[in-house]
Amino acid sequence: MSTFRGELIIVGDRVLIEPDEGERQTKTGLYLPATVVERERVGTGRVVKVGPGYLMPNPEYSESEPWASHKEAVRYLPLQAQPGDYAFFLKKDAIELTYDNRNYVIVPHSAILALVRPHTEDLLENLDDLGDLDDLLNS
């Protein structure tokens, strides 16, 4: 197995997700083993990175005007998924990947069924759990 170093770049309309793995507890308190969870059609996990988006032609690009400022021939339509979102995706479209000793899946944006995005207030509440900033600076 070869080891790669460097930044992992996600291309096009693909999304890198760190999937939820292992057992899962039902509402009634039963634990589902990983083998049962694997058979489900819908997977879940946290979005880690997203590609630049859907490739489309740039309407402002023209080769017939050499004096005009240089414009790229293509542009990208950004994706709806963002890092930090919790995603529900179709497992049949997922490609499993191990990078830097962590398991991920790469799915096309069209395989994502729903996203749960934390509210800004939720993020600010999590900052309170870090403690006093002065304590962090003095350690």
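## Salt bridges

A salt bridge here is a side-chain nitrogen of Lys or Arg within 4 Å of a carboxyl oxygen of Asp or Glu. With that in hand, let's look at this predicted model. Arg-117 and Asp-85 form such a bridge, their closest N and O atoms lying 2.7 Å apart. The pair links distant parts of the chain, with Arg-117 in the loop between β10 and α2 and Asp-85 in the loop between β6 and β7, 32 residues apart. Asp-85 counts as buried because its relative accessibility is 1%, while Arg-117 is partly exposed at 38%.

A search of the whole structure finds four salt bridges. Another of them joins the side chains of Arg-102 and Glu-18, at 2.7 Å from N to O. This pair also links distant parts of the chain: Arg-102 belongs to strand β9 and Glu-18 to strand β1, 84 residues apart. Both residues are partly exposed, Arg-102 at 41% relative accessibility and Glu-18 at 27%. Lys-92 and Asp-93 form a salt bridge too, with the closest N and O atoms 3.7 Å apart. Here Lys-92 is exposed, with a relative accessible area of 69%, and Asp-93 is partly exposed at 29%.

Strand β7 covers residues 86–90, and its side chains alternate.

Follow β7 to its partners next. Five bridges join it to strand β4 (residues 42–50), and the two run antiparallel; Thr-44 has Phe-88 as its bridge partner in β7. Four bridges join β7 to strand β10 (residues 112–116), again antiparallel, and the bridge partner of Phe-89 in β10 is Ile-112.

## A nonpolar patch on the surface

Tyr-54, Met-56 and Leu-77 form a nonpolar surface patch with about 250 Å² of accessible area together. Met-56 lies in strand β5 and is partly exposed at 32% relative accessibility. Leu-77, in strand β6, is partly exposed at 45%. Not counting residues up to four places away in sequence, Leu-77 touches Pro-52, Gly-53, Tyr-54 and Met-56.

Terms used. Residues numbered from 1 in each chain as written. Predicted model: local features only at pLDDT ≥ 70, side-chain atom pairs only at ≥ 80, totals over all residues. Heavy atoms only, no water. Buried < 20%, exposed > 50% of the residue type's maximum accessible area, 1.4 Å probe, protein only. Pairing = 2+ DSSP bridges. Patch = residues over 30% accessible without salt bridge, like charges linked within 9 Å, V, L, I, M, F, W, Y side chains within 5 Å. Areas by Shrake-Rupley, 256 points an atom, 1.4 Å probe, with all protein chains shown as cover. Contact = heavy atoms within 4.5 Å.
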